[in-house]
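The paragraphs below lead through selected parts of a structure.

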Amino acid sequence: MTQETAFYLLAIIAVLAAVTAVRLRNLIHGVFALVIFFAALAGLFLLLMAQFIAAVQVLVYIGAVGILLLFAIMLTERVTGDDGRRITSRGGFWGATAALGVAVFVLLPGIQQTDLNRLPAELAEANATAADANATMAPPHTVEALGKRLIEPYIITLEVVALLLTAALIGAVAVSQGARRVEDEEEASP
Amino acid sequence: MSLLGGGIVKGMAVTLRNFVGSYFNKERLVTNDYAWRPKEDAELPQSAGQYPKEEGEQLSDTTTVTNYSRNFPMLLHDGKEGDTPMDTVRCVACQICERECPPQCIYIEKMYDENGKYIKSPAKFDIDVSVCMSCQICVEVCPFDAIVMNSQFELSTPDRFGGLLLRRDDLLKSNDYYHQIHPGEAAARDQRMADEKAAKEAKKKAAAEAAKKKAAEKAKAEAEAKAKEAEAAQAEGAEEKSEPEGGDSKEATE
Amino acid sequence: MSWELIRDILITTVPLLVIFPSLFAFTTWIERKALARIQNRIGPNKTGVPCTRISLFGLGQPAADGIKMLFKEDIVPKGADRLFHLLAPIVALIPAMLVLCFLPLEFPWAKFVQAPVQAFLLDGAVIFFFAITGLNTLAVFMAGWASRNKYSLLGGMRAIAQMVSYEIPLVLSAVIVVMLVGSLNAADIAAAQKGYQWHLFTPWGLAAFVIFFIAALAETNRSPFDLPEAESELIAGYFTEYSGFKFALFFLGEYIAMFAISGLAVTLFLGAGEGPGVAAVPALSVAWFIAKIFALIGIMIWLRGTLPRLRVDQLMAFAWKFLLPLSILNILIAGFAWHVAKSGAGTGLKAVVWIASLITLYAVARGLNRISRPEAAPREYKYAE
């Protein structure tokens, strides 16, 4: 039962890391706790034989989002991240209520309604391949299946998302350019 | 139209030449026998073997460094090596180098005599060689050719703070010493200084001559004017002899 | 976990963990010797067999360095974050070691392996490689931040900016190979180049290789992109406050990362383990692979001896205004060429495509070079005339 052990281990790490990320006072420590959470999540994806998703989780969430958070913190005054100011928020009650609500009304029904025996075709195939991998030496071809799915039935969705992201990128550049122009004008007219 | 990346290739060719050459041409190995040195230094004695062969061996005299070695700045004076009368020091404590120094490793205090008058000499001139980055900007900006680069490299000291702070008297070196370590550069600098001085003197002379000429002209003009006036006065004097001083006083006010 | 699985894992991983760290020691010696010769010095030549006068060209130097590092005092600054200060070198080393397993090194004893534990046979090997090398950035930032030293923090900030910028051209140039081969699997990419059909020998492959190599230099903080650890500006940047064994770990991690990224370049562009004699003796493929890695590392050392360090504005302009547009154009060209080749065009048309793409790439590179170069003003003196 290695897989089950690994699942519980990763799940506990993920939950603990998530709680730590929220509770820690030092911002940088918080970011690194978040990174541990992302890594645990990637491990969970790997357990589900979703290699590509795991790789993307590491690439995008740790490699990009984590670094972006660090960047944002470095651009603030509190680079050292260790001043003692405590955030006093009274939203704890509402946060807990919301989390409980999501768990009870969304997650639980979702889990109950899923028929675990009726797995998606690719996943079942992958599991089958993994099961008799000892005999065939063939690794599961999940990336190929994913790529085919993305290119064939979901091509329009993919292109629309790509267009949206490009627009966001150009928008970000335009916004930052605009801000700089305003600054320049302010400098020019004292 | 140069090739894209051609500069990098050219640079790599240079380093490759050095890399290969160091295996075939023993004279290239600067650190080994001090064998490699420019032609004009060829008659200097060759130190034997790698440094330091013996304990306490000192090599940073003028015979062991090459013409091209530059380490930390020094101050020049025009006196003899060894004694440093302050009136031969070229530095006038103008503090340009102090303000221009990127890592700010120079500290200068001006010298005043007992009456509080600024005599053009540094009372203090310290360079912290632990901070100095050997950029030579002080040499570039000095208008008096007072600061140049030394090639002394044996500066190791057991005292981390005091030992690496070179005082004025440590920094003062004679122009002769400069000629010994960097003959070409020193000669060029002396030539330039001499040229500048000659140009200045010529200018001064020209200016003096011009002034003289002007003065002479003025004197001449004055003399003429006087003569004229005198003539006029004489002419007038024939009629009104009673006030000859009037003309004189008028000239004085002019 | 069965006994066989553990055995298989050991068979596949232990060689990597033995070979590359020992090659690291050898590489430091090569680097010191080569740089010395470039500067007309001799380099380490005294240390050899202990207690004798046999010097063996100074080959004992890495061992002596290692012993020195082990016995040095481990100093942690007073205000430092002790946990992160300890973790940073470990986090720097682990991803570098981890990605080695994505290189298609076909050891002769691999035939005893039964379970699918060879990571380079993974379907997403290349994307895993990039995902895991990205973790190195975190380690560098951790080290810079935890040291509580301004130089270290500056080094860490520079490192993040540099690594994030150069990761894009790095990945985009690797994408070309993935596109042409149609697989992210390292073994498939190696197999696609069999028969000396190396990607290096095509115009788009050559351009991609050059971009990849430059970006790899920046990713591994090698000269001329060694701004995060600029000795003369930042006193070794993010590892200013590291000494002893932690410093050695950083050093090891950096060199292993060099091996890994060179290994990926060899896989993607230089035909992996292909070379003369491999058909007869399959074991030679590992030797060829490592020889190619060493060729690339030799070029890295050579460049280090040649080029001065870039300025920060030059660094950023080069990544964003030169490498990025060029690699995007290169993707377009490679896609076009792939379609032409696939449509069964004759040799003449192929040659036309080749020459046209070569000319386009060169012309665009020249143009970009002219546009992207930051202007340098002559030095101005504030106080002197």
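**A walk through the predicted model**

Ser152(C) is found in helix H6 of chain C, which spans residues 150-181. The model is a predicted one. Ser152(C) has a relative accessible area of 0%, so this residue is buried. Leaving aside residues up to four places away in sequence, Ser152(C) touches Gly144(C), Ser147(C), Gly237(C), Tyr238(C), Thr240(C) and Glu241(C).

Over all chains, the count of aromatic pairs comes to 30. In the pair formed by Tyr166(C) and Phe225(C), the ring centres are 5.3 Å apart and the planes stand at 55 degrees, so the pair is tilted. This pair links distant parts of the chain, 59 residues apart: Tyr166(C) is in helix H6 of chain C, whereas Phe225(C) is in the loop between helix H8 (203-219) and helix H9 (231-234) of chain C. Are the two residues buried or exposed? Tyr166(C) is buried because its relative accessible area is 0%, and Phe225(C), at 4% relative accessibility, counts as buried.

The rings of Trp198(C) and Phe201(C) also have their centres 5.3 Å apart, but their planes are at 10 degrees, so this pair is stacked. Trp198(C) has a relative accessible area of 14% and is therefore buried. Phe201(C), with 42% relative accessibility, counts as partly exposed.

Charged side chains also sit over rings. The charged end of Arg37(C) is placed over the ring of Tyr23(B), 4.0 Å from its centre. In chain B, Lys110(B) lies over the face of Tyr118(B), at 5.0 Å from the ring centre.

In soluble globular proteins, nonpolar side chains tend to be buried together. The largest nonpolar core here has 95 residues, and Phe20(C), Phe212(C) and Phe259(C) have the most contacts inside it. Helix H10 of chain C, residues 244-269, gives the largest share of this core, with 14 residues. With residues up to four places away in sequence not counted, Phe20(C) touches Leu100(C), Leu105(C), Ile256(C), Phe259(C) and Ile293(C). Another core, of 33 residues, lies apart from the largest one; among its residues are Ile28(A), Met74(A), Ala92(C) and Phe250(C).

Which residues lie on each side of S1(B)? Pro73(B), Leu75(B) and His77(B) are on one side, Met74(B) and Leu76(B) are on the other, and all are buried, leaving both faces covered.

S1(B) pairs with two strands described here. With strand S4 of chain B (residues 147-149), S1(B) runs antiparallel and is joined by 3 bridges; in this pairing, the bridge partner of Leu75(B) is Ile147(B). With strand S6 of chain B (residues 172-174), S1(B) pairs in the parallel sense, again over 3 bridges. The partner of His77(B) in S6(B) is Ser174(B).

Elsewhere in chain B, Lys120(B) lies in strand S3, residues 118-128. Lys120(B) has 60% relative accessibility and so counts as exposed. Its contacts, not counting residues up to four places away in sequence, are with Cys91(B) and Val92(B). Lys120(B) and Val92(B) are 28 residues apart along the chain, and their C-alpha atoms are separated by 4.5 Å.

Chain A is described here as a whole. Its secondary structure comes to 8 helices and 0 strands, giving the pattern α-α-α-α-α-α-α-α along the sequence. Of its 190 residues, 19% count as buried. Among contacts in chain A between residues at least 6 apart in sequence, 59% join residues at least 24 apart. The accessible surface of chain A comes to about 13800 Å², and carbon and sulfur atoms account for 70% of that area.

Methods:
Residues numbered from 1 in each chain as written. Chains lettered and ligands numbered in written order. Predicted model: local features only at pLDDT ≥ 70, side-chain atom pairs only at ≥ 80, totals over all residues. Heavy atoms only, no water. Buried < 20%, exposed > 50% of the residue type's maximum accessible area, 1.4 Å probe, protein only. Helix = DSSP H or I, 4+ residues; strand = E, 2+ residues; numbered from the N terminus. Pairing = 2+ DSSP bridges. Contact = heavy atoms within 4.5 Å. Phe/Tyr/Trp six-rings, centres within 6.5 Å; stacked < 30°, edge-to-face > 60°. Lys NZ or Arg CZ within 6 Å of the ring centre and 35° of its normal. Core = buried A, V, L, I, M, F, W, Y, C linked by side-chain atoms within 4.5 Å. Areas by Shrake-Rupley, 256 points an atom, 1.4 Å probe, with all protein chains shown as cover.
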